[in-house]
Amino acid sequence: MDSTHDILILGGGPGGLSTALHLVQIAPHLAPRILILEKEHYPRFKLCAGGLVADAEVILENLGLDVCEVPHVNVETAHFDFAGRGLKVRVPHKQTLRVIRRDEFDAWLAKQTEDRGIEIRQGVTLTNIRPDKEGVTVETSQGIFRAKIAVGADGSNSVTRKSILPEDPLHTARTLEVLTAAGQVGNSTSHKSLDAHFDFFPVPENIAGYVWDFPTQVNSVPIRCWGIYDSNLLPAQKRPALKDLLTKEMSNHGFALDDCEIKSHPIRWYTPQNQISVPRVLLVGDAAGADPLFGEGISMALGYGAIAAQEIAAAFQRDEFSFPSYWKRVARSGLGQTLLMRWVVARIIYSIKWRWFHILLWRIMHPVVLLAAWIFILNWSKRVK
Ligand SMILES: Cc1cc2nc3c(=O)[nH]c(=O)nc-3n(C[C@H](O)[C@H](O)[C@H](O)COP(=O)(O)OP(=O)(O)OC[C@H]3O[C@@H](n4cnc5c(N)ncnc54)[C@H](O)[C@@H]3O)c2cc1C
């Protein structure tokens, strides 16, 4: 049994790595007491479109990290459309969105974490976790670990969550994602090479989500990343197959879905009723809950890490590890507020299936939508400390 570390972080994606990086920033003496267990080896594949919003970059900047070191594509304009027309968002003098590949981004973040003195043990898969009064017992493919506390950062299919909260209801979105072949750029005049598109045309068909088309790159070769997101907020309704909707939309822009490899992964999203800790164990990132509106989760995972680190540092100061106020700390932060707003907005706009409502929302009410997004949805990262 390995019991040389006090803090076990289970999963080395943005949530787990951010927790470690923030802990070292606010309580450097804890660095040698942290161990991250990651089931894969970096650079490892993670299904994700890789859209990084400004809030993610603010959190990374506060850690002294520059994401420009990671290969990326800068999106000039983001389009929020209903059936091909709608709202254009362009941030002056900056990229509107940065698109990274997750194998590269996560490997870079892991290297930054190791450079700050934190050990990451790769190829170790968590199988079960048992908290008790004195600490936690963590069962893995490489044996049993014992620590004072653990952080569940193992993503949407979190084994940590299933172990500590087996009765918790599941709230997961469905996704499909494809990368087009190198050099396949389509023949669309409406989708420019450096623009990102979110189209909510599937909502009237009972899909509580949208189709996306992002510019991205693999080995510096420009390609497109297409996908469809269904938050599953309307599971009881009859719905068309996600693949059919994606095929139709891609073919409208000169792409053949059948030429691409389709991949799928759930996204566990946040609800206000979510339980995100038990004594000795905290959850971060998708294991705690991502954004139900867009399925955005990289910035959220980074934000959860900042808040969990404060909770852990305070717990070590008090020598008390029941984490009763972690949910309050999250709920009161900018992260908790944006997640709550996105949950409310998702429930409203995805349950109104009337075409004219979406035409009005995305094509006509631009100032209202932009103002509401600015106040309630974006700019939350400055309030995670
Ligand atoms: C198709 C798709 C597209 C998306 N596009 C975007 C986007 O454009 N922008 C955005 O912000 N978000 C996007 N997301 C969401 C985003 O990918 C997640 O919210 C984000 O990855 C959450 O980070 P995390 O650290 O919580 O979990 P993860 O990134 O899933 O990391 C979990 C880590 O834990 C490891 N792990 C898992 N199980 C175990 C185990 N049993 N033992 C040990 N280690 C384990 C995994 O290998 C992984 O490294 C997308 C998601 C999907 C599915």
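1. Let's start with one residue. Val 218 is partly exposed, because 14 other C-beta atoms lie within 10 Å. By definition, a residue is buried if 20 or more other C-beta atoms lie within 10 Å of its own, exposed if 12 or fewer, and partly exposed in between, with C-beta atoms placed from the backbone.

2. Before going on, please keep the origin of the coordinates in mind. This is a predicted model, in which local features need pLDDT of at least 70 and side-chain atom pairs count only at pLDDT 80 or more, while totals for chains, interfaces and linings use all residues. Residues are numbered from 1 along each chain as its sequence is written.

3. Where does Val 218 sit? Val 218 belongs to strand E15, which covers residues 209-218. Helices (H or I, at least four residues) and strands (E, at least two) are DSSP runs, numbered from the N terminus. Beyond its neighbours within four places in sequence, Val 218 is in contact with Arg 101, Leu 179 and Ile 223. Here, contact means that the C-beta atoms of two residues, placed from the backbone, lie within 7 Å. Ala 182 is 36 residues from Val 218 in sequence, yet the C-alpha atoms of the two are 8.1 Å apart.

4. Now step back to the whole protein. There are 10 helices and 19 strands, and the C-alpha trace spans about 60 × 40 × 40 Å along its principal axes. The radius of gyration is 21 Å, which agrees with the value near 21 Å for a compact globule of 385 residues. That radius is taken over C-alpha atoms, and the globule rule is 2.2 Å times the number of residues to the power 0.38. Of contacts between residues at least 6 apart in sequence, 74% join residues at least 24 apart.

5. What about the interior? Buried residues account for 47% of the 385 residues. A nonpolar core is a set of buried Ala, Val, Leu, Ile, Met, Phe, Trp, Tyr and Cys residues joined through C-beta atoms within 7 Å. The largest one has 107 residues, and those touching the most other members are Leu 8, Ile 9, Leu 10, Ala 20, Val 138, Ala 150 and Val 284. Helix H6 (residues 298-318) contributes the most to this core, with 11 residues. Not counting residues up to four places away in sequence, Ala 20 touches Ile 9, Ile 34, Ile 36, Thr 113 and Ile 118.

6. Two strands pair if DSSP finds at least two bridges between them. E9 and E10 have 5 bridges and form a hairpin with 4 residues between them.

7. Finally, look along E10 (residues 136-140), which also pairs with E11 over 5 bridges.
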